[in-house]
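User: I would like to go through this model with you. Could we take it topic by topic?
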There are 2 protein chains.
Amino acid sequence: MSTDSRTPAADSDLQRALDAVGDPVRRSILRQLADADPWTIACGQFDLPVAKSTLTHHFRSLVDAGLLEQRDEGNRRMNRLVRDEFDRRFPGLLDLVLDQ
Amino acid sequence: MSTDSRTPAADSDLQRALDAVGDPVRRSILRQLADADPWTIACGQFDLPVAKSTLTHHFRSLVDAGLLEQRDEGNRRMNRLVRDEFDRRFPGLLDLVLDQ
């Protein structure tokens, strides 16, 4: 039987990407970001079916996967979708999420 | 803020697909199937870092996602990768798993 020869590091990167897009709340965040201009949505402004207090974990997962950039403006944390590098490494994956 | 307008059914199908490929054991099963001729690997023959007794759940996830077909031959359950329909519905996703 063939042994799986992929490197653990590459599969770990893929795991992080799949984890990020594998949750419906995070997919909704990504879609809302894609529909908006960069840096126009604050963390508290997303339309999501979960309590705002639970969102930190979701934002962190997206930042770790390289899909989300955040910056503080006054007392608001603004958000931007980052897709070039993600699209290069995982062709088609973000499009699946945004098009579905 | 824009509301997520995707249908729950479409996102449910995507969730099932992402769940199926979002686990390293299942990705290893898919890669071994892709490297072998159809119907040549029995369930007990995969080279995997988990106990064989835990594999039923993984096979079920892949069958549910439409990625795996199984048939019994004597006392062995043989496996085949099914990719045409999956590739049509989720372009690039299986390739990401197999190429990584």
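Predicted model: local features only at pLDDT ≥ 70, side-chain atom pairs only at ≥ 80, totals over all residues.

User: What about B:Cys43, buried or exposed?

Analyst: B:Cys43 also counts as buried, at 18% relative accessibility.

User: Changing topic: which rotation superposes chain A on chain B?

Analyst: A rotation of 180° does so, with a shift of 0.0 Å along its axis and an RMSD of 0.0 Å. This is the relation of a two-fold axis.

User: Which C-alpha of chain A is nearest the axis?

Analyst: That of A:Gly92, which lies 2.8 Å from the axis.

User: Through which surface do the copies meet?

Analyst: They meet through the same surface, because 100% of the interface residues of chain A are also interface residues in chain B.

User: One more residue. Where is A:Ala36 found?

Analyst: A:Ala36 is in the chain A loop that runs between helix 2 (24-34) and strand 1 (41-42). With a relative accessibility of 24%, A:Ala36 counts as partly exposed.

User: What separation do the C-alpha atoms of A:Ala36 and A:Pro8 have?

Analyst: Those C-alpha atoms are separated by 36 Å, and A:Ala36 and A:Pro8 are 28 residues apart along the chain.

Terms used
Residues numbered from 1 in each chain as written. Chains lettered and ligands numbered in written order. Heavy atoms only, no water. Helix = DSSP H or I, 4+ residues; strand = E, 2+ residues; numbered from the N terminus. Buried < 20%, exposed > 50% of the residue type's maximum accessible area, 1.4 Å probe, protein only. Least-squares fit on C-alpha atoms with pLDDT ≥ 70 in both. Contact = heavy atoms within 4.5 Å.
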